[in-house]
Amino acid sequence: MTTGPGPSSEEPDGGPTPLRGRAAEQSFIEARLDALGRGAGGIVRIEGPAGIGTSRMLAAASASARRRGIRVFHGGVDPDAPPVPLGPLLEGLLAGPEPLADADRLRDLATVPGQRFWLLRELADRLREAARDRPLLIVLDDFQWCDDLTLLTLGTVVTELAPHAILWLVAVRGAVVPPGVRTTLDRMRRAGAHELVLGPLTDRASARIAEDVLGAVPGPDVLGLVRTAGGVPALLVELLGAVREEEAVTIENGTAALTAGAFPVPPLPSVARRLDRLSAAARELVETAAAVGAPVTVARLAELLGRSPAALITAVREALDAELLTEQGDFLAFGHDLVRRAVAAGLPPSVRQSLYRHAADEPGGGAPAAGPRGGAAPADNPPAPQAGQGRPGDGRGESDRLRTAAAELASTAPAAAAELALRALDGIAADAPERPRLVAETIPLLWQAGRPARARDLGASALASREPGGDAPAAAPGAEDEARIRLALARLSSQFDFTETVRQARTGAALPGLPADLRARLLALACLGLAMSGENEAAERALPAALAAAGEAGDRTAEATLAVVESAVRFARSDWADALRRADRATALAAGLGIVHSLWVPEALWHGFLLNLAGRSRAALAVADSGVRGSRNQGQAATTCLWLMNRTRALLDAGRLADARADAEAAAALTDELGLGDFADLTLRYAMTRVALHTGDRAAARTCAAEARRMRAGGPPLVRTAGSWLLALLADAEGRPDRALAALDELLPAPGAQRPAPDPDTPSPTAPGPLLTAPLDPADTPVLVRIALRAGALERAVPAVHAAERRAADNPGIPLLAAGAAHARGLLDNDLGHLVRAVRLYEDCPRPIARASALEDAGRRLAATRLSDAVPYLESALALYTRAGADRDAARVRRRLRAAGIRRRPSTAGHDKEWPELTGAELRVARLVAQGLTNAQVAEHLSLSPHTVGSHLRRAFTKLDLTSRADLARLVTTRDDGA
């Protein structure tokens with residue numbers, strides 16, 4: 001048993017290296033220690049797989065607590081020692097420099113049968129007395145291996161001592177937890193335990209660790225080796241330690257580089273320890289699976305081991321419980337490829353190669369072509385090839401099997417598919433003819449798995465010899481292979497850089513001798529990039545050739561994307577009904593393709609966006625909810641983020657500002673990793689700015705202003721236009737309508753100003769943007785008129801009002817357009833009739849904030865002549881703003897009512913009467929959390945993302961002035977029972 005804050009058997013101490021990549025988790029624990037110093041106890045549970053750094057987190061917390069004068073008890077479990085009843089807890093409490101009082105009495109009670117009740121009483125009393133003197137931190141590591149008496153004690157004592165200044169810090173390693181341990185953890189969760197889940201480190205944090213260990217900045221080849229650790233710090237430190245010990249790294253000018261190219265993975269100490277805990281049969285099974293390399297069936301392992309499948313049941317269960325192997329359908333595979341390679345490296349070379357060849361020579365040797373079926377991956381350190389021969393990993397059949405497996409997994413497990421594809425790339429020579437095609441297949445898998453930087457690097461490296469001045473180590477790809485790589489890069493760019501999409505697609509389509517379907521897809525993506533950029537005329541000019549190419553090829557993939565482009569063109573031409581029909585067709589065409597073959601991921605995003613823009617918020621939300629749910633269930637990180645952004649916009653327009661803000665925060669956290677620039681700018685940034693303005697969140701507004709300035713400074717026309725509009729909204733909110741109007745100079749030139757003649761091939765940066773042709777939102781036009789009115793330049797808004805009226809006339813079936821046009825005209829002409837008509841038209845649209853704005857404007861107009869008639873309009877506006885959570889707008893209307901002699905206290909309309917502090921969404925989350933559900937379970941129950949749930953919960957804690965889930969549970973019980 002460990003009795004001090006040291007490393008566990010699973011994690012190396014890492015020497016003097018700092019704890020990297022855990023700033024957020026450390027800040028959270030520091031906050032809990034601060035609260036403990038003020039007398040607030042609680043429970044924090046830290047979970048993560050082996051080697052992820054749980055013990056380092058515990059040691060850091062213990063050291064910080066001691067510096068604060070907090071009394072620390074640190075216990076843990078040695079899995080290799082016989083279990084001692086209550087041993088982990090007693091060793092922590094009774095050993096060390098400050099043991100708990102009356103230690104002998106507690107030890108005696110723990111060893112006497114039938115004394116458990118008195119043991120629990122004595123232990124609780126001792127801890128209660130100690131906590132009165134000074135706060136206590138009790139740390140328990142490797143909780144998953146605790147004995148039954150320890151579990152019973154903790155399940156009882158922790159809850160009983162909740163009101164006292166005792167913080168329990170419990171670490172659980174691994175996903176497979178015994179039922180008794182899980183029951184105790186569930187009790188802790190119901191008692192309000194906070195949960196910290198440690199995931200893999202970012203590439204940046206891993207690079208910092210490499211710098212710590214090697215004493216120099218890692219170069220590209222070292223970074224490639226670092227990535228094989230998958231962000232698991234213990235494996236990374238061991239791997240880098242082996243590099244240093246083998247003197248396989250040189251340092252020049254402060255940069256570390258490998259001395260001999262690839263570094264063969266050696267046996268790693270932590271992996272060896274995990275193997276040593278297995279029975280002989282389980283170890284033999286794991287080592288055989290490592291030699292095979294690829295996912296493998298139990299039947300095949302039984303063949304290789306000369307046993308029956310039934311004889312392996314116990315060994316398989318043991319390997320799964322140790323989390324060395326995982327199940328992938330009917331196959332067994334290693335959860336981490338570096339662990340597999342380390343296990344294989346520990347085998348005698350003759351055994352490793354014999355098993356590898358035996359598995360690879362048979363059709364069933366590796367995983368065949370369905371599910372995770374990719375054949376054997378090349379073994380580590382294969383024999384040197386003879387002249388004219390490739391090593392086993394160089395064979396085309398090997399690559400094809402892994403590629404087939406990746407293709408089968410792509411739609412349901414892109415992360416696993418990407419790993420298989422990367423393994424296939426690792427196993428073939430740099431100049432292998434099939435390599436460029438495999439690169440093209442791997443890029444979209446990496447992007448969907450949330451690794452866009454790796455995808456871009458892979459594509460850029462493959463194309464390096466084709467670019468001017470390029471210096472690629474491998475032979476340049478042929479025209480068709482280059483086109484496929486550029487198609488993959490264009491798909492990758494289609495969400496974050498529309499201009500790059502057009503560049504890659506056009507360059508690829510211009511290459512000679514392409515298959516018809518490949519050329520059609522490139523032309524389709526070029527058109528899409530133009531349309532999404534706001535270059536509508538250029539998209540329309542390119543569309544006929546692309547449609548002809550798709551028709552000639554009979555390619556449904558290109559047709560689905562081109563249906564989106566046709567819809568966008570119709571939308572820009574103010575034919576919204578046809579745009580919706582074509583968007584519906586695009587969704588139907590793409591539905592049968594799946595994420596692997598769909599060019600724009602996914603086409604249904606455009607359909608959902610149009611539905612919302614047309615005032616059909618409920619339908620748009622249903623589409624977005626389905627998209628979030630489906631993409632999250634399939635592990636598609638990039639698509640999940642896109643749907644979250646789409647849903648943020650729909651929630652905003654549906655008047656659910658708290659939900660919109662929560663989704664926006666969740667999506668923003670993902671965009672930092674995925675880099676979804678242009679798409680995020682046109683959806684997420686717009687929604688976040690509007691939410692900040694409606695709620696009066698000044699800090700968020702400042703952040704949005706910085707983003708808007710960036711958008712306006714560069715990028716495609718539509719992004720620049722959006723940036724200008726957001727800057728105008730922000731300036732107007734600050735009471736600077738002159739500055740707001742100046743932000744729109746390029747979009748709304750003063751009367752008589754001349755625009756430069758447009759270049760037919762390059763759209764002008766001053767070309768009319770969405771405010772005049774296809775607005776960011778129909779309800780934006782009245783806002784524009786209001787800005788011009790306040791700036792004393794009403795004539796500047798006249799073209800926008802005319803455009804809004806034309807859109808409404810061209811699309812009589814869309815009430816929102818008519819409402820927005822009437823609202824804008826009413827403001828422009830100061831005409832009460834138009835404003836009242838707008839109020840009526842908005843009744844047919846689920847746009848509560850837009851309708852509240854029209855009610856407010858009508859009330860303001862009436863107040864000038866008939867004050868009593870204005871009050872009902874203003875009160876209706878106040879109710880809608882309040883229900884939406886638009887606090888800033890509600891405060892403004894209350895001021896108007898006070899001017900009319902009507903005083904209205906801040907209302908809680910739309911809130912539960914017992915919970916006036918919380919929005920409906922926050923209350924739903926709080927009640928489920930109070931029932932003991934985790935954030936993940938709440939997310940599943942409410943069809944939200946865990947990030948969104950976390951955002952709602954943080955705001956609820958702040959509003960209610962709570963610090964723990966236990967406090968929340970007690971408050972929910974008190975209020976709801978009292979109601």
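Is Asp 732 buried or exposed? At 13% relative accessibility, Asp 732 counts as buried. Buried means under 20% relative accessible area, exposed means over 50%, and partly exposed is in between, with a 1.4 Å probe and protein chains only.

Before I go on, a word on the model. This is a predicted model, where local features need pLDDT of at least 70, side-chain atom pairs count only at pLDDT 80 or more, and totals for chains, interfaces and linings use all residues. Residues are numbered from 1 along each chain as its sequence is written, and side-chain values use heavy atoms, with hydrogens and water left out.

Back to Asp 732. You will find Asp 732 in helix 34, residues 717-733. Helices here are DSSP runs of H or I with at least four residues, strands are E runs of at least two, and both are numbered from the N terminus. The side chain of Asp 732 makes a polar contact with the side chain of Arg 790, at 2.6 Å. A polar contact is a pair of N or O atoms within 3.5 Å; within protein, one must be able to donate a hydrogen and the other to accept it, and residues adjacent in sequence count only if both atoms are side-chain atoms. Now set aside neighbours within four places in sequence. Asp 732 is then in contact with Pro 737, Ala 740, Ile 787 and Arg 790. Contact means heavy atoms within 4.5 Å.

Now the whole chain. It has 46 helices and 11 strands. Of its 979 residues, 54% are buried. Take the contacts with a separation of 6 or more: 70% of them join residues 24 or more positions apart.

Next, the cores. A nonpolar core is a set of buried Ala, Val, Leu, Ile, Met, Phe, Trp, Tyr and Cys residues joined through side-chain atoms within 4.5 Å. The largest one has 129 residues, and Trp 606, Trp 725 and Tyr 881 have the most contacts inside it. Helix 23, residues 516-533, gives the largest share of this core, 12 residues. There is also a second, separate core of 74 residues, which includes Val 237, Val 249, Leu 338 and Ala 344.

What does Tyr 881 touch, beyond residues up to four places away in sequence? Its contacts include Ile 849, Ala 852, Glu 856 and Val 893.

On to aromatic rings. A search of the whole structure finds 3 aromatic pairs. Rings of Phe, Tyr and Trp (its six-membered ring) pair if their centres lie within 6.5 Å; planes under 30 degrees apart count as stacked, over 60 as edge-to-face and the rest as tilted. Look at Phe 571 and Trp 606. Their ring centres are 5.9 Å apart and their planes at 85 degrees, so this pair is edge-to-face. Phe 571 sits in helix 25 (residues 556-572) and Trp 606 in helix 28 (residues 604-613), so the pair ties together parts that are 35 residues apart in sequence. Phe 571 is buried, with a relative accessible area of 7%. Trp 606 is buried too, at 8% relative accessibility. Phe 571, Trp 576, Trp 606 and Phe 609 form one aromatic cluster.

Now the strands. Two strands pair if DSSP finds at least two bridges between them. Strand 1 (residues 42-48) and strand 5 run parallel and are joined by 4 bridges. Ile 46 has Leu 196 in strand 5 as its bridge partner.

Another sheet is open, with 3 strands in the order 6-8-7 and mixed pairing. Its edge strands are strand 6 (217-218) and strand 7 (249-252), and each pairs on one side only. Strand 7 and strand 8 (residues 255-258) run antiparallel, joined by 4 bridges. Thr 250 has Ala 257 as its bridge partner in strand 8.

Last stop, helix 9, residues 220-227. Its buried residues are Val 222, Leu 225 and Val 226. Seen down the axis of helix 9, they fall within an arc of 105 degrees, so they line one face of the helix. The arc is that of the directions from the helix axis to the C-beta atoms. What covers these buried residues? The cover includes helix 8 (203-214), strand 6, helix 10 (233-245), strand 7 and strand 8.
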